[in-house]
Amino acid sequence: MNAPAPDPYDSPGCPAERVDYVDPRDRVVAQGGRAAGPPAGLLRRYAATVCTDHAGRVLLYRRTAAAPAYPDHYDVLVGGAVRSGEEYRAAALRELREELGWERAPGLAEAYRIRVDDPHGACFLTVHRWTADRAPRPDPREIAWCGFVAPLAVLTGGYSPLVPAGAEALRRLFPL
């Protein structure tokens, strides 16, 4: 029997983090350590947010060179793993706080939920939208650079490489 693949998004400071694993219908059926990876046939859960400013620009950031998945890639999805017992929205809020220093996100709303079959592992991803009302304070351990950029500049290849799930979020939320 093959051991489950480790979570490529695991951060060194959180190896004992507990997460729920879900079936293909996004129903929680097991829990375990995040670093161990999901049991066969089950998926991880991730929550992310696409942030815009009042001018309609999207928050784009570059992952650090030390990122375990997609190092040095650009992304618009600010997020991470949903912890055991945590709802997607709560996870999205926690990630905004941890990665960008935003303690509150009034008006945060779910945009869509999708199964993602990524080379780093299959998961359910819930994407939220939020219009930022203040400047971010990025965590330099996770974000090498960030700024608000016109979605069209990102969609037309002005920033590459781009994390595939982030590119999909842009296509869904900002159609050309």
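A polar contact, as I use the term, is a pair of N or O atoms within 3.5 Å; within protein, one must be able to donate a hydrogen and the other to accept it, and residues adjacent in sequence count only if both atoms are side-chain atoms. This is a predicted model, in which local features need pLDDT of at least 70 and side-chain atom pairs count only at pLDDT 80 or more, while totals for chains, interfaces and linings use all residues. Residues are numbered from 1 along each chain as its sequence is written, and side-chain values use heavy atoms, with hydrogens and water left out.

I start with Asp 23. Asp 23 sits in the loop between strand S1 (18–22) and strand S2 (28–33); helices (H or I, at least four residues) and strands (E, at least two) are DSSP runs, numbered from the N terminus. Its side chain is joined to that of Arg 27 by a polar contact of 2.8 Å. A polar atom of the Asp 23 side chain also lies 2.8 Å from the backbone nitrogen of Arg 25. Buried or exposed? Asp 23 counts as buried, at 9% relative accessibility. Here buried means under 20% relative accessible area, exposed over 50%, and partly exposed in between (1.4 Å probe, protein chains only). Leaving aside neighbours within four places in sequence, Asp 23 is in contact with Val 29, Leu 42, Leu 43 and Phe 124, contact being heavy atoms within 4.5 Å.

Next, Asp 139, in the loop between S8 and S9. Asp 139 is buried too, with a relative accessible area of 11%. Its side chain makes a polar contact of 2.8 Å with the side chain of Arg 141. Apart from neighbours within four places in sequence, Asp 139 is in contact with Glu 98 and Glu 99.

Glu 99 takes us to helix H1, where it is one of the buried residues, along with Tyr 88, Ala 91, Ala 92, Arg 94, Glu 95, Leu 96 and Leu 100. H1 covers residues 88–100, and its 13 residues reach 18 Å from first C-alpha to last, close to the 18 Å expected; the expected span is 1.5 Å times one less than the number of residues. The cover over the buried residues of H1 includes strands S3 (44–52), S4 (58–63), S6 (78–81), S7 (109–118), S8 (121–131) and S9 (143–149). After H1 comes Gly 101, with a positive phi near 75°.

Now the cores. A nonpolar core is a set of buried Ala, Val, Leu, Ile, Met, Phe, Trp, Tyr and Cys residues joined through side-chain atoms within 4.5 Å. The largest has 27 residues, of which Val 50, Leu 77 and Leu 125 touch the most other members. S1, S3, S4, S7, S8 and helix H3 (164–173) each give two or more residues to this core, and H3 gives the most, with five. A second, separate core of 20 residues includes Val 22, Leu 96, Trp 102 and Ala 105.

How many disulfides are there? A search of the whole structure finds zero, a disulfide being a pair of cysteine sulfur atoms within 2.5 Å. The sulfur of Cys 51 has its closest cysteine sulfur in Cys 146, 9.7 Å away, which is too far for a bond. Cys 51 is buried, at 1% relative accessible area.

Last, Ser 160, in the loop between helix H2 (151–155) and H3. Ser 160 is exposed, with a relative accessible area of 55%.
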